[in-house]
Amino acid sequence: AAGEAAELAVGELLEREVGHSTVVAVPLRDGVGGALWKTAKALSALALGLNLLPGRSRAKAVTAGVAGVAGSAILRFALFHAGKASARDPRATFDDQRRGRGAKEVTGTAAVIGPEGRRAT
């Protein structure tokens, strides 16, 4: 139950983080990545709900286990497909960088090396 709750919480945090840029969030809402993302969230929520229900039955435990494993596996495929869609869209990268969310702001060092072999400033 704790693992399912953590997975759902981290998913919400990820959605909030990518929600700052509507272009970046599109692959997690639409297309194959979006459909898989919603399915993974639903299965993880189902597993959590079943685990929190009172009572002990083998059917409930098996259903919760299968839903939890399926939700976790589908989540990985959702992120994989969303990443591929995002990589095909240069706006997803460049718009964030233009807003000041590039590597230099995060790490303090520019990630791009210019033609002279020096780091860009």
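This is a short tour of a predicted model, one selection at a time.

**Stop 1: Glu 4.** Select Glu 4, which lies in helix H1, residues 2–18. Is this residue buried or exposed? Glu 4 has a relative accessible area of 12%, and under 20% counts as buried, so Glu 4 is buried. Now show its neighbours: leaving aside residues up to four places away in sequence, Glu 4 touches Ser 44, Ala 47, Leu 48, Asn 51 and Gly 68.

**Stop 2: helix H2.** Select residues 22–29, which form helix H2. Colour Val 23, Val 24, Ala 25, Pro 27 and Leu 28, which are buried. Then move on to Gly 31, which follows H2 and has a positive phi, near 65°.

Stop 3: Side chains of opposite charge can pair when their charged atoms come close. How many salt bridges does a search of the whole structure find? The search finds two.

Select Lys 41 and Glu 12, whose side chains meet in a salt bridge at 3.5 Å, N to O. Lys 41 is in helix H3, residues 31–52, and Glu 12 is in helix H1, 29 residues away. Glu 12 is partly exposed, at 39% relative accessible area, and Lys 41 is also partly exposed, at 30%.

Finally, keep Glu 12, Glu 15 and Lys 41 selected together: salt bridges with shared partners join them into one network.

Note on methods
Residues are numbered from 1 along each chain as its sequence is written. This is a predicted model: local features need pLDDT of at least 70, side-chain atom pairs count only at pLDDT 80 or more; totals for chains, interfaces and linings use all residues. Side-chain values use heavy atoms; hydrogens and water are left out. Helices (H or I, at least four residues) and strands (E, at least two) are DSSP runs, numbered from the N terminus. Buried means under 20% relative accessible area, exposed over 50%, partly exposed in between (1.4 Å probe, protein chains only). Contact means heavy atoms within 4.5 Å. A salt bridge is a side-chain nitrogen of Lys or Arg within 4 Å of a carboxyl oxygen of Asp or Glu.
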